[in-house]
Amino acid sequence: MKLNIYNTISRKKEIFEPINPKHVGMYVCGPTVYGNPHLGHARPAITFDLLFRYLQQLGYKVRYVRNITDVGHLENDADSGEDKIAKKARLEELEPMEIVQYYTESYHNAMSALNVKSPSIEPRASGHIIEQIEMIEKIMENGFAYEVNGSVYFDVEKYSKSFHYGKLSGRIIDDLLANTLDLDGQDEKKNSFDFALWKKASPEHIMRWHSKWSDGFPGWHMECSAMSIKYLGEKFDIHGGGMDLLFPHHECEIAQSAAALGFESVKYWLHNNMITINGQKMGKSLGNFINLEEFFTGSHKLLTQPYSAMTIRFFLLQAHYRSTLDFSNEALQAAEKGLARLMTAYGSVSKLKVSETSTISINLDELNQKCFDAMNDDLNSPILISHLFDAVKTINLIISDNEQINKSDLDKLKSILDTFILDVLGLVPENNSTNEAVLSDVINLMLNLRMEAKAKKDFELSDKIRNELNKIGVEIKDKKDGFDWSLKS
Ligand code: ZN
C-alpha cells in the first residue's frame, strides 16, 4: 500500500505522488509569536512532525518550511485592529522584536521538549518584505488588486471570474456577497471580503516598511504565499496547518498565488483538527487556555497534576489528526499510563532472553506491514499505536512466561519498535523510564513467585501476592500459560 493522504481541497484520500519523485516540498503555517505556546500550537507541530518523519522514513528528502509570523497578523484575524505583536509590545513596553525574540524562543523550547524536529527552513515574515512587495506588484499587474489611499486590496469578485474562490473552504462567493458586514475601517474596500495585501500604517504604527503605495506593512496572508514560493518553488507538494486557518488564511493564499502566477502552487492541502478542553473551545476569555509550560509543571488550576512532554505528545498521537480531540485530566492520565506501558515494554526488549531453540513464533513481517499500512492510511497513528500494543502484549508474555526468543526475531522486533516508536512517532524514553523498567521487573518477579506458589499449590501465598499487588494498583489477568498485568487507570 502506498501513502494515502486526505487532500482538503479534493475532499478525498489521494495516493501521495510528489512533483519530484525523490524530493518533497512541505510548507506549514507556524505560530504568530506574541504569547506562550499552548496545546493549540502543539497539535499542528506534532501532526506535521509525524508527516515529516514518516516521509523521511519512506526515503524522501524533505524540505520542510515552517514560518514564524512576526508582522501583519492583526487582531481577530481581520484586516482591521492592531497588529498582535505590536499590541503586546505596547502593553509590555518593549520593542516588537523583543516580543518576537522572547516568544520564538519559548516556542522553540516547547517544541524541543515535545521532540518536534526543527524544520529545514524557518523564515520570518519581517525578513521577507521585499518578496511580499514583489508578489503584490505581480498581482496588481495581473489586475487582481487595487490601491486605495496607500493600501492595496485583493479583488475577490474579479478573481472569482477567472478562478474558483472558495474551493478550499467550500464557501460560495454569492453567499459571501449576501452576508457581508459593513465593518468599521473597511469602507475603502470594494467588498468586505476583499482582503489586504498591503496596509498603509497609521502614524503610531511602529512596524512599517517603505513601498511605492505607502509606508506600511503586508497583509497577514501575503507572507505564506511569498515565502513558500521562494523556498519551495512555484509548484510544491504539501501545505499544512490547523483547520482554523482554512478560511480565510489558506483560501486567500491560494487566491494570491494563482493571481500572481496564473496557477495554484499547492498539490496537497492537509489540515489538523482542533482541540477542545472538557468539551469547550479553548480561549483566553473562557479561562481554559493552558500553556504547554503549565502542563509540564501542573501549575494551571484545571490540571490535577503535571504531565510530561512525552505524555502530551502521546496523547495527541493517540487521536487521528483529522479528529477533534478533547483534553481532560482523565484522558491525559490514561495517556500517561499507556505511554509508560509502551516504553517499559520497549525498554525490556533488549533484556529478553535469547535462545536458538526457542519455539516462540511471532509474525513480525505481518506486524511490520500492519504498522506501515496504518501510517499509509492517512497517517493513522492511533491504529499504529494499537499494533504496537499487540507487540507489548507479546513482549510481556515472553517475560512473564520466562520464555526465550531467537536472535533474528529479537533483532527484527527491535528494529520495528525503533522505527515506529522512536523514528516515526518520535517518542523518546523519559528520565523516569529507568524507574518504570525497575518497577516492571519487580512486578514480573512477584508474579513469577506467585506462579511458583500456585504450582506448589500454596494458594494462600499466591492469593496474598495477588491481593497485595492489587491494593497498590496492579491489575492482574491470568492467562492459560502465565499472566498479563497493567497499572490501574
Ligand atoms: Zn500561513
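Are Y54 and F372 buried or exposed? Select them both and see: Y54 and F372 are buried (under 20% relative accessible area, where exposed is over 50% and partly exposed is in between, with a 1.4 Å probe and protein chains only).

Before you click on, a word about what you're looking at. This is a predicted model, where local features need pLDDT of at least 70 and side-chain atom pairs count only at pLDDT 80 or more, while totals for chains, interfaces and linings use all residues. Residues are numbered from 1 along each chain as its sequence is written, and side-chain values use heavy atoms, leaving out hydrogens and water.

**Stop 1: the rings**

The structure has 15 aromatic pairs. To pair, rings of Phe, Tyr and Trp (its six-membered ring) need centres within 6.5 Å; planes under 30 degrees apart are stacked, over 60 edge-to-face, and the rest tilted. Stay on Y54 and F372: their ring centres are 6.3 Å apart and their planes sit at 45°, so this pair is tilted. Now show the helices, which are DSSP runs (H or I, at least four residues; strands are E, at least two) numbered from the N terminus. Y54 belongs to helix 1 (residues 39-57) and F372 to helix 12 (residues 364-376), so the pair links parts of the chain 318 residues apart.

Next, pick W198 and W213, another tilted pair, with 6.1 Å from centre to centre and 50° between the planes. W198 is in strand 7 (residues 195-200), and W213 is in the loop between strand 8 (209-210) and strand 9 (215-218). W198 is buried at 0% relative accessible area, and W213 is buried too, at 9%.

For a whole group of rings, select F144, F154, Y159, F163, Y165 and F195: they form one aromatic cluster.

**Stop 2**

**Stop 3: two domains**

Colour domain 1 (4-272) and domain 2 (338-430); these bounds come from an automatic or database domain assignment. Across the interface, 11 residues of domain 1 are in contact with 14 residues of domain 2 (heavy atoms within 4.5 Å).

Finish with D377 and K13, whose side chains meet in a salt bridge at 2.7 Å, N to O (a side-chain nitrogen of Lys or Arg within 4 Å of a carboxyl oxygen of Asp or Glu).
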